[in-house]
Amino acid sequence: MEDDCRPLLSTEYVGESCSNRDSTESLDSKIKRPFHVEPRNIVDDAQQERVSAEAAILNSRVHYYSRLTGSSDRLLSPPNHVIPQPEEIYIYSPLGTAFKVRSSESSSKNPSIVTIFAVWNTMMGTSILSIPWGIKQAGFTLGILILIFTGLLMLYCCYIVLHSPKSIPYVDTSNWEFPDVCRFYLGKFGQWSSLVFSMVSLIGAMVIYWVLMSNFLYNSGQFIYNYANHINVSDATLGTNGSEKVICPNPNTDWGGNSTHEILLLTNSGNTSDISSFGHWWSKTSTVPLYLIVLLLPLLCFRSAAFFARFTFLGTLSVIYLIALVTVKAVHLGFHLDFHWFDRSQFYVPEFRSLFPQLTGVLTLAFFIHNCIITLMKSNRHQENNVRDLSVAYLLVGLTYLYVGVLIFAAFPSPPLSKECIEPNFLDNFPSSDIMVFVARSFLLFQMITVYPLLGYLVRVQLMGQMFGSHYPSFFHVLLLNVMVVGAGVLMAMFYPNVGSIIRYSGAICGLALVFILPSLVHVKSLRRRGLLRWPSMLFHSLLILLGFANLVAQFIMEGTCRSLMIQPFGWWKLQERRIMSVLPLQCLLAMSSALRILRLQPEPLSRNTASWEPLR
């Protein structure tokens, strides 16, 4: 019995007498696996280990099976309990020595620090530009609390997704993704629903990229034109004086008091007719979104996206530069905070606001990585540390969002400007003549131009692979798909270029399925199959699903959305000139009316004293 516990590899010499050889049949097949390699394959002179007698006996069994595999009868193949795992293979010599084989697969694994920053880099996206706006919508104090709470909630749901393949017994799930897990527990409905919402998240990201690329290209072109023609500033914009200029592109003229803001008059020394002609052909919402088609539509038709994958490191550089930019601006501007817990003032917003669901929608997309977390964590060298590394990555992402959001909100100069002036893309609060912001926009523009074809490739692979069984069925199929995706981005950039609202709607829709519903259902099903389901767990995950529904419905029933819906028939073109939200899908109106019927709420009467109700002339 003592020999049964002896390891296969031993540092002690083994004697010639093997009185206990008949006991080797009881060896644990999972722990003490045999191995066999011909002696001529021993090429390493490194430190070697002695092979125990049990290992020699089991090696003979493997050698015997290897002689039988030449037969055409598959029943003579070695059973699984005899074949060693790849990580347990040793080169063995009849002379009694062996050493472990280092497979190329294990050497390609990444250490924990690389895995953590890979998750951080993948999760950090365009949402970081809208975090200050989201904090402004929720209130400074409530915004920080919501960011922490949402991060913890998203981490838990991501842990469920990561752990879901391992909870399936008696099935090899080493190559499974989350749609495969959904199919196992929920059937075809689970698989297709996860694929569809994953497609929605990718297409939503492509739409957001198009809007931002149009913005960055417009401002970069404006900077180059102004610099070449010695123009100080192009238009009259509400802003601050001084070396660090901050502007308010869309001011609200009704703050409940007399405005004391400093108006910065913008002058130029060039020809007025040339400036007017340039503005006609270089418009953020009329022409620039169309110019991008010439560049990006051909790139989407490439058969492979391997070339663009080489530029993924630009994402890390862009985030690092944004953090440096935020730090420099905060140091120069200083902090401007005044705490008003519930009352609104002329220059500050309350600490707790009813528009906080706009921040939850943004954060749902900001912390979203659930559809690819299994693939990312497979490259971790130490799989037992996956939960720890995932938690550290979420901590770094949360700290990055907090750093950028808090500094931009706190450093925004109030007075003379109101905190309400913080834009959904905080780079819009800096003039196009700002050199540091110009570099940031150029960096982000080039990064997005390289990432956009990668997103299009993922959309094509998932959609075409499921529909036609081929990733590239024909050039016509691919071109038709790309035209539809690009058309969606162009329409949004021209008629609804509100990055914050697009992000929160995309986050709430995708998060409902891929963050709240499917992971909760999979986890409950797994516990039920193993007989471990208890009512507290059932109640908690049911609340998660309800929270996802509430997050989606809340995006449509907030005051800002209701006001935009009701003013749309009266003055859409007037509002478009003022760059105020105008177009929302019909589903928004239907969801809002249904929610009002259910909750029996009456919308507040809108006052015609506000600027948005000004009659058209």
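Mentor: A charge sits over a ring if NZ of Lys or CZ of Arg is within 6 Å of the ring centre and within 35 degrees of the ring normal. Please keep in mind that this is a predicted model.

Trainee: Which residue lies over the face of F409?

Mentor: That residue is K419, at 4.9 Å from the ring centre of F409.

Trainee: And what sits over the ring of Y505?

Mentor: The charged end of R504 does, 4.6 Å from the centre of the Y505 ring.

Trainee: Turning to rings with rings, how many aromatic pairs does a search of the whole structure find?

Mentor: The search gives 13 aromatic pairs. One of them joins F117 and W120, which are edge-to-face, with 6.0 Å from centre to centre and 75° between the planes.

Trainee: Why are F117 and W120 separated by about one helical turn?

Mentor: Both belong to helix α3, residues 112-123, and they are 3 residues apart there, so about one helical turn separates them.

Trainee: Is W120 buried or exposed?

Mentor: W120 is buried, its relative accessible area being 8%. F117, by contrast, has a value of 41% and is partly exposed.

Trainee: Which residues form one aromatic cluster with W176?

Mentor: F184 and Y185 form that cluster together with W176.

Trainee: A change of topic: how many salt bridges does the count come to?

Mentor: The count is 6 salt bridges. In one of them, the side chains of K136 and E420 meet at 3.8 Å, N to O. This pair links distant parts of the chain, since K136 is in helix α4 (residues 131-138) and E420 is in the loop between α13 (386-411) and α14 (435-468), 284 residues apart.

Trainee: Are K136 and E420 buried or exposed?

Mentor: Both K136 and E420 are buried. They also belong to a network of salt bridges that includes R353.

Trainee: What is the salt-bridge partner of D389?

Mentor: The partner is R388, and the closest N and O atoms are 3.0 Å apart. D389 counts as buried at 1% relative accessibility, whereas R388, at 46%, counts as partly exposed.

Trainee: Which residue forms a salt bridge with D428?

Mentor: R441 does, with 4.0 Å between the closest N and O atoms. D428 is in the loop between α13 and α14, while R441 is in helix α14, 13 residues apart. Both D428 and R441 are buried.

Trainee: Finally, where is Q555?

Mentor: Q555 is in the loop between α17 (535-554) and α18 (559-577). Its relative accessible area is 0%, so Q555 is buried. A polar atom of the Q555 side chain lies 3.0 Å from the backbone oxygen of N551.

Key:
Residues are numbered from 1 along each chain as its sequence is written. This is a predicted model: local features need pLDDT of at least 70, side-chain atom pairs count only at pLDDT 80 or more; totals for chains, interfaces and linings use all residues. Side-chain values use heavy atoms; hydrogens and water are left out. Rings of Phe, Tyr and Trp (its six-membered ring) pair if their centres lie within 6.5 Å; planes under 30 degrees apart count as stacked, over 60 as edge-to-face and the rest as tilted. Helices (H or I, at least four residues) and strands (E, at least two) are DSSP runs, numbered from the N terminus. Buried means under 20% relative accessible area, exposed over 50%, partly exposed in between (1.4 Å probe, protein chains only). A polar contact is a pair of N or O atoms within 3.5 Å; within protein, one must be able to donate a hydrogen and the other to accept it, and residues adjacent in sequence count only if both atoms are side-chain atoms.
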